[in-house]
Amino acid sequence: MFNTSRFVIFGPGSEWLWTMLQFVALSVTFYAIYRQLRLQQQEIRDNTKVLRAEAHHNCVLLAQRPWEFLLRDEGLARVVKRAYESPEALSDVEWERASNYMYMQFNAWEYVYYQDKDGSIPKQLMVGTDAYHKSIIASKPGYVRFWKEFGHTFDDPFRSYVTAEFARRAAADEAGGVTD
């Protein structure tokens, strides 16, 4: 059936066998490398999901922390409310408490801002956080005083971003308009 008389493993005429064996070995190696890369790709995707979820959790936790203080401490809530509306009416001690509270709010905003720039959190979290803080800038005079006194403690680009929002608010106030 098969003529094996010309079947040579070693010596002249055996090149085809060794070439075929090399092809098989390379094929198996390439398949193993491909499979390993696919597994690593899936692992990276899974780890990225975990890190994004963790970043989202940290952002929400940090943003809610100042509100927790207000919920627990009615005295602080009263001071902060007065600070928002008429900061000049506060004593030095009251302003200190209120400005420390506002500092925590700005820190949370800054954290969300940079996490968004890095793409570490869902875009919706920045949209909501940004809208909230911009509405406070547009409606609470205490924020203006806070930013004048403490804005220099934040670094760019966040400082420029917030300063531009305060400038936009001031321009809208002068024009008698409303900011969005």
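User: How are α5 and α6 oriented to each other?

Analyst: Two packed helices are described by the angle between their axes and the distance between the axes. In this predicted model, the axes of α5 (residues 141-150) and α6 (residues 158-175) come within 12 Å and cross at roughly 140 degrees. An angle over 145 degrees would count as roughly antiparallel; α5 and α6 are therefore oblique to each other. Their crossing is left-handed.

User: Which residues make the contact of α5 and α6?

Analyst: Helix α5 contributes Tyr143, Val144 and Trp147, while α6 contributes Phe158, Arg159, Val162, Thr163, Phe166 and Arg169. By class, the contact divides into 6 nonpolar, 1 polar and 2 charged residues.

User: How many salt bridges does the count come to?

Analyst: The count comes to 12 salt bridges. One of them joins Asp156 and Arg159, at 3.4 Å from N to O. Asp156 counts as partly exposed at 37% relative accessibility, and Arg159 is partly exposed at 27%. Elsewhere, salt bridges with shared partners join Asp130, Lys134, Glu165 and Arg168 into one network.

User: Which parts of the chain does the pair of Arg82 and Glu94 link?

Analyst: The closest N and O atoms of Arg82 and Glu94 are 3.1 Å apart. Arg82 lies in helix α2 (residues 74-85) and Glu94 in helix α3 (residues 92-118), 12 residues apart, so the pair links distant parts of the chain.

User: Is Asp116, the partner of Lys123 in a salt bridge, buried or exposed?

Analyst: Asp116 is buried, because its relative accessible area is 16% and the cut-off for buried is under 20%. Lys123, by contrast, counts as exposed at 53%. Their side chains meet at 3.3 Å, N to O.

Conventions. Residues numbered from 1 in each chain as written. Predicted model: local features only at pLDDT ≥ 70, side-chain atom pairs only at ≥ 80, totals over all residues. Heavy atoms only, no water. Axes fitted to C-alpha atoms, helices over the stretch in contact; angles between N-to-C directions. Helix = DSSP H or I, 4+ residues; strand = E, 2+ residues; numbered from the N terminus. Parallel < 35°, antiparallel > 145°, perpendicular 65-115°, else oblique. Left-handed = near helix turned anticlockwise from the far one by under 90°. Contact = heavy atoms within 4.5 Å. Nonpolar A, V, L, I, M, F, W, Y, C, P; charged D, E, K, R; others polar. Salt bridge = Lys/Arg side-chain N within 4 Å of Asp/Glu carboxyl O. Buried < 20%, exposed > 50% of the residue type's maximum accessible area, 1.4 Å probe, protein only.
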